[in-house]
Amino acid sequence: MNSAVEIWKNILFLLENEMTPTAISTWFRDIEPVVLEKDRFVLCCPTDFKRDIITSRYLPTLEDAFYELFAEKIRVEIISPTERATIDDKMEPLSPSIKDQYTFDKFVVGASNRFAYNAARAVSDAPGTGYNPLFLYGEPGLGKTHLLYAIYNAVRLAHPEYRIVIVTGEQFTNEVVQSIREKTTEQLRAKYRNKDMLLVDDIQFIAGKESTQIEFFNTFNNLYESGHQIVLTSDRPPSDMVRLEERLKSRFEWGLMSDIQSPDYETRLAIVREKAVQINLELPDAVFEAIAKNITANVRQIEGVVKKMLAMKELENAEMDTDTLMRALHELLRDKDSFMPSPDAIIEETSKCYGIEVSDIMSASRTKEIATARQVAMYIIRSITQLSLPEIGRIFGRDHTTVLHSIEKVEGLVKTDRETAENIRDIKSNVNSRG
């Protein structure tokens, strides 16, 4: 167990005994292990807000888990994506991570995704010569990220000399904000514009963020005019991104666009079998068929139930039959239904959407921009949590009548202002994706 990735998996397993599934999903789902050095374990956190929360609330719990695993004290250090970029060159490469497993050979092709798969293969075979940019879109969990990393892994293998950068829309936004704050924009531009290929997952995240859109527009133009390949994924087509600048919409539509639909039964059955092979789990045909019939939403849910079956086999010595499957499905659905977004998560996503600091949203400021973001946060907390008006008021230091007024105001805006409705949709989507 010397891989940082494997170590982190074991730590997460230990944390499950100390924390709720919601807390783990909210705060640790997108944390990436960087390296283990003697008595120091380095983790990369996508946002400063989340890093501060983990450091203040969960660092002792993390270090206790490391002590339980190694029987010695390990200092946990949490860094930002920008800090990671400065130290990656000084460290030995990590053992292969889960992203290295995203290859074309392991992508199950069906009627719902064949066009996107063929487009991705074409781009990986001849980067920058045809479909540029390639824009893949569809609901979460359908395979967009898999195809993105399959392109990355195929090109990296065929052209080891290529300079490739792969990033999420959220990470790019965070780096832009940090570069402005620290006056390191030239370094940021050198990182992204001096490349042979740029791949961005969840590009919709940059919509509505003025500075980020300007930086990405110029980065896009620089790469495109140089004939370098750009691949983007999103949960919707550019035309549906209300807060995305028109000039970016048009550029995203310059190349080839392909949507990915939910898989049909035959494709789901093939996916179940492939996922079981990947984790060495043998299941009867009846169980394979039952999973394919019962899990219809997306690939992630299929993978989740297969892993749940494996856990039940290893931890409970359960029979791999349809009765165990129904129990696994019930527990997964129960876990999903019990997910309750925290006010902190909602406020954080509202902060990102409006480009306003969390501290400003929580302040007494009455400026229009801050007040609007605060009212939207109150509205979303009320609509997707079980908190009462007084409870919401206490979070923001207001009385319940102020909260009610804010909610009623936003309710009116949702009906008349398309941008507000789009903002709320984005925030809810980002919050719910944590569950």
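Predicted model: local features only at pLDDT ≥ 70, side-chain atom pairs only at ≥ 80, totals over all residues.
Visitor: Which residues of α19 are buried?

Guide: The general idea comes first. An α-helix has 3.6 residues a turn, so residues three or four places apart point the same way. In α19, the buried residues are V403, S406, I407 and V410. These cover an arc of only 100 degrees around the axis, which puts them on the same side of α19.

Visitor: What does the face of α19 turned away from the buried side carry?

Guide: That face carries the exposed residues K415 and T416.

Visitor: On to cysteines. How many disulfides does the count come to?

Guide: A disulfide is a covalent bond between the sulfur atoms of two cysteines. Here the count comes to zero. Take C45. The closest cysteine sulfur belongs to C44, and the two sulfurs are 7.4 Å apart, too far for a bond. The cut-off is 2.5 Å.

Visitor: Is C45 buried or exposed?

Guide: C45 is buried, with a relative accessible area of 1%. C353 also counts as buried, at 7% relative accessibility.

Visitor: Now the aromatic pairs. How many are there?

Guide: A pair of aromatic rings is described by the distance of the centres and the angle of the planes. The count here comes to 17 aromatic pairs. F28 and Y58 form one that is edge-to-face. Their centres are 5.7 Å apart, with 65 degrees between the planes. This pair links distant parts of the chain: F28 sits in helix α2 (residues 21–28), Y58 in helix α3 (residues 48–70), and they are 30 residues apart. Both F28 and Y58 are buried.

Visitor: Which residues do ring pairs link into a cluster?

Guide: The cluster holds F135, Y137, F172, Y192, F216, F220, Y224, F252 and W254.

Visitor: Where do charges sit over rings, as with R247 and K209?

Guide: The charged end of R247 sits over the ring of F217, 3.8 Å from its centre. K209 lies over the face of F205, at 4.3 Å from the ring centre.

Visitor: How many salt bridges does a search of the whole structure find?

Guide: Side chains of opposite charge can pair when their charged atoms come close. The search finds 25 salt bridges. One of them joins E170 and K352, at 2.5 Å from N to O. The pair links distant parts of the chain: E170 is in helix α7 (residues 169–182), K352 in helix α15 (residues 343–354), 182 residues apart. Both E170 and K352 are buried.

Visitor: What does R193 meet in a salt bridge?

Guide: R193 meets E215, at 2.8 Å from N to O. R193 belongs to helix α8 (residues 185–193) and E215 to helix α9 (residues 210–225), 22 residues apart. E215 is buried, with a relative accessible area of 8%.

Visitor: And which residue forms a salt bridge with K275?

Guide: That is E303, with the closest N and O atoms 3.9 Å apart. E303 lies in helix α13 (residues 299–316) and K275 in helix α11 (residues 265–278), so the pair ties together parts that are 28 residues apart in sequence. E303 counts as partly exposed, at 22% relative accessibility. K275 is buried, at 11%.

Visitor: Which residues are linked in a network of salt bridges?

Guide: D235, R236, R243, E422, R425 and D426 are linked in that way.

Visitor: Last, the backbone. Is the peptide bond from N132 to P133 cis or trans?

Guide: The bond is cis, with omega near 0 degrees. P133 is found in the loop between α5 (114–125) and β4 (134–137).

Visitor: What is phi of K183?

Guide: Phi of K183 is near 60 degrees, a positive value in a residue other than glycine. K183 lies in the loop between α7 and α8. K183 is exposed, with a relative accessible area of 74%. For N280, phi is also near 60 degrees. N280 lies in the loop between α11 and α12 (285–294). N280 is exposed too, at 69%.

Note on methods:
Residues numbered from 1 in each chain as written. Heavy atoms only, no water. Buried < 20%, exposed > 50% of the residue type's maximum accessible area, 1.4 Å probe, protein only. Helix = DSSP H or I, 4+ residues; strand = E, 2+ residues; numbered from the N terminus. Arc of directions from axis to C-beta. Phe/Tyr/Trp six-rings, centres within 6.5 Å; stacked < 30°, edge-to-face > 60°. Lys NZ or Arg CZ within 6 Å of the ring centre and 35° of its normal. Salt bridge = Lys/Arg side-chain N within 4 Å of Asp/Glu carboxyl O.
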